[in-house]
Amino acid sequence: MDDTLGGQRDGAINRTMDTVRETDHDELFMDVIEIEPAGIQSPVQDTSPHSNSHSRGLSESQNLLPNSPRNFFQYSTTTKEFRFDRPIGEPESAGIGGIRGGFGGRESPVWSGVPQTLRRGRKERWRSVVVDILTIAVPLPFGALAGALIYVDGERIGDDKKNILEQCIKGAATLFPLCFSLVVGRAMMKVAAWKLEKGASLGLLERLVGSRTVGGTIVTQARLRSVGIVSLGLVLLWLLSPLGSQSVLRILSTSTESSSSDSEVAYSNSRQASQASSPTFNAWFSAFAAMFSSAILTPDEAKNNSSMDIWGNVRIPLFSSLSNIGADENGWRRIPETGYTPVYASLFGISISKLPIGNTTFNIESTYMELSCSNITSQLVRGPNFFINPGLISTTGPFNSNQNISATTTWAMGYVGEEVTSLLPNSSIKALDSLPSDTASKAYLPGLFIYQDFTGRQNVTSVYCVPSQAYVESTVRCDKSSSTAPATCAVIAQRLSLLPHMPSTLTSFSMLSTFLSLTSLLPFTTPSANNIDLMQNYLIDPFSNAYIQSTPTVSQSPISSSSPNENESRLLTTSLEDISHRLSQIINTFLEGSLPNAPSYLKHDTPPSPTFITANTSSLLSAQISALPATLTVPGKLTTTITIFSISWVWTSLFLFSTLFMFLSALLAAVLSRQTLTRDYLSFVSSLCRESQYVSFPPGGVGVDGLERSRLCQDIRIKLGDLGDVEGGCEVGTGVAVKVGRLGIGSEEMVIGLDKRKLYL
């Protein structure tokens with residue numbers, strides 16, 4: 001035997017000083033350990049499975065017995081290092097997965113029975129670093145998603161961006177609980193391992209080991225039947241998993257945001273010259289008559305309750321119908337958006353063009369005529385063999401009309417009042433705004449309008465009304481969603497016009513030729529077949545289309561002796577206020593239809609063309625109105641409503657807190673993995689078998705974690721069962737000893753099955 005230090009290898013353990021080769025440091029089982037001073041000697045375990053003859057023979061072959069003490073432990077005073085060499089007989093295969101024979105007839109790992117340092121090798125350290133980096137990186141995508149959602153808060157929604165965010169949110173909601181369990185569950189095991197090395201209670205370790213999922217945490221705390229700060233803290237922390245998953249689904253929503261800008265709007269001028277008495281009216285009278293009948297027969301929702309006519313033109317309310325609405329300091333009466341329906345001046349509206357996409361608010365100037373009917377009379381004019389002309393309406397007066405009354409007349413209109421045609425600079429231009437400016441300062445008596453209904457069996461019913469011309473300024477709001485979608489418009493406020501205008505007692509009837517054309521052409525605008533008069537029926541009940549279309553005149557009905565009024569005009573049962581409104585609507589509809597090329601404007605075949613100069617001041621607008629243009633261009637305020645992303649800061653905070661906790665758990669696991677010397681030991685069956693004296697399991701392997709140990713020893717068969725009787729049994733009752741078995745885990749060949757009739761320890 002060579003006694004030189006570091007000489008020929010003659011034992012499992014050699015003291016080395018000066019002859020250590022550099023390559024020896026890289027051998028797998030040539031571990032270098034620093035000897036720390038110790039005051040006591042580690043005891044020898046009597047229960048070691050290798051304390052039998054097999055171990056003794058192996059020790060003798062390695063010169064480890066006391067008869068060779070120099071080879072057993074050679075030392076030098078100049079160093080603290082010693083080296084463990086692989087025992088003789090082990091193969092030189094590299095890696096911890098090497099196999100050698102001699103373990104119960106089965107192959108066993110190369111680390112079986114070989115002492116190992118707890119220090120981690122370079123490869124293992126790098127592997128641990130990679131795992132820690134990947135674990136720390138797991139929460140980062142969730143944090144990035146939260147940052148992206150915060151970034152888009154307040155941005156305009158784009159279809160592509162919205163779709164991408166929605167897909168990311170759905171994916172995050174699915175993956176968050178899985179990633180949370182992976183990261184936080186690993187951190188719990190690292191904390192348990194660290195506490196186990198430092199010393200901890202069994203209850204705390206069980207709580208930590210059992211807290212690797214939400215359900216596992218709750219069940220573990222419940223089964224331990226001990227509620228404390230640690231238990232509540234673990235449950236609350238694990239509740240961040242479902243809360244974080246659900247919070248990300250509730251972060252993003254949409255809202256609207258408005259921005260204002262200036263715009264221009266063109267609309268048809270209702271104060272231009274009427275063409276009712278001009279031969280040019282014949283060019284579009286047929287189209288006007290068809291539209292007039294359509295407006296009367298349109299459903300009630302579009303006829304009386306809609307702010308627009310059936311062609312999409314905005315309708316102007318009668319200012320008198322807003323009398324129950326209080327005016328502000330500027331005279332504006334704000335029309336409620338819901339629960340209030342004004343009476344409109346006409347069945348036709350004012351056409352508008354050049355509307356941009358969005359919400360546009362602007363003011364328009366318009367005029368209309370309103371009748372105020374205050375008296376209704378009925379007198380006998382008809383008998384079996386006679387008819388008496390009342391003598392009020394005729395082409396010669398006293399009430400001027402373009403028709404004379406006869407026994408076949410159904411209804412007639414007449415007017416007496418101021419005639420101002422002679423004041424017009426150009427008699428061919430029939431417009432009140434073309435009158436001399438000094439006319440506005442003069443006083444004129446109001447005219448008188450009469451409407452006579454001859455449909456009674458014996459009497460004629462006469463309604464007397466005072467006409468007046470109203471000049472109003474209306475605030476219109478139009479909403480347009482796209483360039484192809486029709487606009488939705490309504491008058492939202494109205495006041496009397498502040499611009500110069502003629503006295504209200506001068507009306508369109510004050511130019512007698514216009515009124516005479518009305519009385520001549522209006523009977524031909526609606527068909528009267530089988531004694532059914534659409535216009536007359538509209539005056540009685542405009543809310544029933546069936547009534548308008550089919551009710552015959554009274555003169556064709558059977559005589560009723562019980563109710564004499566049933567044999568007379570139906571106007572007798574209609575209120576004067578309703579008659580005033582409905583007659584005004586019919587007359588204004590005719591007057592609007594007589595404006596130049598009215599059907600083309602109303603149907604938007606020829607939309608109002610904007611003027612070159614926008615009337616952005618009152619004086620400019622007044623001057624343009626006096627010029628009687630077909631259209632007027634006024635400034636408007638465009639409010640664009642855009643849909644934007646909006647986030648809930650409550651749910652965002654909860655999601656960020658859950659993600660931050662996951663990230664801190666990953667950092668904690670990385671730190672504790674470097675503060676713990678032992679490998680993963682808890683919760684593995686291989687760790688349980690390693691400590692059992694009844695399992696033929698390879699000793700050693702302190703440098704291998706539990707899962708790796710299980711992988712290498714996965715073919716070892718174990719069983720939970722009866723390990724044999726307890727020596728001496730157990731005394732029960734009167735001192736009779738009975739057999740008592742030992743319940744535990746052991747090698748399959750050493751364990752017998754359990755007997756439910758037997759007692760166990």
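**Backbone and ring features of the predicted model**

L628 is found in the loop between helix α17 (618-626) and strand β18 (631-647), where helices (H or I, at least four residues) and strands (E, at least two) are DSSP runs numbered from the N terminus. The structure is a predicted model, in which local features need pLDDT of at least 70 and side-chain atom pairs count only at pLDDT 80 or more, whereas totals for chains, interfaces and linings use all residues. Residues are numbered from 1 along each chain as its sequence is written, and side-chain values use heavy atoms, with hydrogens and water left out.

Most residues other than glycine have a negative phi, and most peptide bonds are trans. L628, although not a glycine, has a positive phi of about 55 degrees, and its relative accessible area of 18% makes it buried (buried means under 20% relative accessible area, exposed over 50%, and partly exposed in between, with a 1.4 Å probe and protein chains only). A positive phi, of about 65 degrees, is also found at K354, which is not a glycine; K354 lies in the loop between β8 (352-353) and β9 (358-380) and is partly exposed, with a relative accessible area of 42%. The peptide bond from G397 to P398 is cis, with omega near 5 degrees, and P398 is placed in the loop between β10 (393-394) and β11 (399-400).

Rings of Phe, Tyr and Trp (its six-membered ring) were taken to pair if their centres lie within 6.5 Å, with planes under 30 degrees apart counted as stacked, over 60 as edge-to-face and the rest as tilted. By this rule the count comes to 22 aromatic pairs. One of them, formed by F281 and F285, is edge-to-face, with 5.5 Å from centre to centre and 85 degrees between the planes; F281 is buried at a relative accessible area of 1%, and F285 is buried at 14%. Y415 and F515 form a tilted pair, 5.7 Å centre to centre with 50 degrees between the planes. This pair links distant parts of the chain, since Y415 belongs to strand β12 (residues 411-416) and F515 to helix α12 (residues 512-521), 100 residues apart. Y415 counts as buried at 2% relative accessibility, and F515 counts as buried at 0%. Ring pairs also link F281, W284, F285, F288, F292, W311, F348 and F590 into a cluster.
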